Amino acid sequence: MRVVAVLALDNVVAFDLAVPGQIFGTANALAPTPAYEIRIVAAGRRVRTESLFGAMDLHTDWDLEALADAHTIVVPGRTAFTDPDPRVLRALREAHARGARIASVCTGAFTLAAAGLLDDRRATTHWRYAAELSNRHPRIDIDPAVLYVEDGRICTSAGVAAGLDMCLHLVRRDLGAAVAADTARFTVMPPQRRGGQAQFITHPDPDTTDTVLDDTLHWMTANLHRPLTLAEIADHAALSIRSLNRHFRSQTGTTPLQWLLHARIRYARQLLETTDHSIETVARHAGFTTATAMRHHFTRHTGLAPLPYRANFRATHTAEPRRILASPTRKRSR
């Protein structure tokens, strides 16, 4: 029987904490024979949980020593990003060294990162906190747009619903597609959403705080229809390309060209949701060279082709989207 240890740290999000038990516990009940022993593990067998309806003290039967024979360790998200107790980080490193599978739900990725388990790996977390994770741990290849990432024996997921998808994916790996499908049906969730499917992020416009890239982000947003090059973006920001990349990574958690691609996809989504424009017209307005190029990038980032996306997310009453107007190309003094 595989031991699944859910590692609860102080400030753990109560809903995140429930996710692994819901999926692995349901799979246990539906499999021909129970396959998992599920443990909630906490240092000192006690943890303080957080939720939208208040905080709770949780007492459990399992201390950190219970991680020693775990097949899978799942780390739920927390409401605080402070580094955990060094004993926790040491236990995670030891578990990984002996071959355990380790996963995180939402901001639980910060704990894995603090243990050094995400260095030089691809990972994800909730899109809202991706830039913060990148700033703290620049060696991680963070993809803030996907539901979950599996990199070897390390899995990371985005928000709560993505944590359900990730755990279901792990059940599928362990017990097969039939048990996973039964588990999904019982939990009333889709039987399989690919990890690469997008989080359907709501991206805010660049804010108006006084940052090095503030003018350039607004300028890029206003000029999505143009074939902007990295050199042109650096020139507008009055930075070298190397400095531009560094500031972008620090402020946005990604590169200039990836940010530009995400902005174009975001605008294409807006046009698909709010207008009757053809795919070719949407592609042109959003700055893609061809409709084929837009279909490729749009499908890769959202998990849906443009037409199915429009069918699923089209507003009931269409309205003209907010127009992107060109702004003065004011440059910073060198």
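Mentor: Helices (H or I, at least four residues) and strands (E, at least two) are DSSP runs, numbered from the N terminus. This is a predicted model, where local features need pLDDT of at least 70, side-chain atom pairs count only at pLDDT 80 or more, and totals for chains, interfaces and linings use all residues. Residues are numbered from 1 along each chain as its sequence is written, and side-chain values use heavy atoms, leaving out hydrogens and water.

Trainee: Okay! How many helices and strands does the protein chain have?

Mentor: Count the two kinds of element separately. The protein chain comes out with 13 helices and 11 strands.

Trainee: What share of the protein chain's residues count as buried?

Mentor: We call a residue buried under 20% relative accessible area, exposed over 50%, and partly exposed in between (1.4 Å probe, protein chains only). Among the 334 residues of the protein chain, the buried share is 50%.

Trainee: And what part of the contacts with a separation of 6 or more joins residues 24 or more positions apart?

Mentor: A contact is a case of heavy atoms within 4.5 Å. Take the contacts in the protein chain with a separation of 6 or more; those between residues 24 or more positions apart make up 65%.

Trainee: Let's pick a helix. How many residues of α5 are buried?

Mentor: Helix α5 runs over residues 160–175. From first C-alpha to last, α5 reaches 22 Å, close to the 22 Å expected for its 16 residues at 1.5 Å a residue; the expected span is 1.5 Å times one less than the number of residues. Leu-164, Met-166 and Val-171 are among the buried residues of α5. The helix is mostly covered, and out of 16 residues the buried number is 12.

Trainee: Which residues does Gly-163 touch, leaving out those up to four places away in sequence?

Mentor: Gly-163 sits in helix α5, and it counts as buried because its relative accessibility is 0%. Its C-alpha is 8.0 Å from that of Leu-147, 16 residues off in sequence. With residues up to four places away set aside, Gly-163 touches Val-19, Val-105 and Ser-157.

Trainee: Now α8. Which helices are included in what covers its buried residues?

Mentor: In helix α8 (residues 230–237), the buried residues are Ile-233, Ala-234, His-236 and Ala-237. They fall within an arc of 160 degrees seen down the axis of α8, so they line one face of the helix; the arc is that of the directions from the helix axis to the C-beta atoms. Their cover includes α7 (214–222), α9 (241–252) and α10 (256–274).

Trainee: Which residue just after α8 takes a positive phi?

Mentor: Most residues other than glycine have a negative phi. Just after α5, a positive phi of about 100 degrees belongs to Gly-176. Just after α8, a positive phi of about 60 degrees belongs to Ala-238.

Trainee: Is Cys-106 buried or exposed?

Mentor: Cys-106 lies in the loop between β7 (101–104) and α3, and its phi is positive, about 55 degrees, although it is not a glycine. Its relative accessible area is 10%, so Cys-106 is buried.

Trainee: What about Asp-120: buried or exposed?

Mentor: Asp-120 is placed in the loop between α3 and β8 (122–123). Its phi is positive too, near 60 degrees, in a residue other than glycine. With a relative accessible area of 59%, Asp-120 is exposed.
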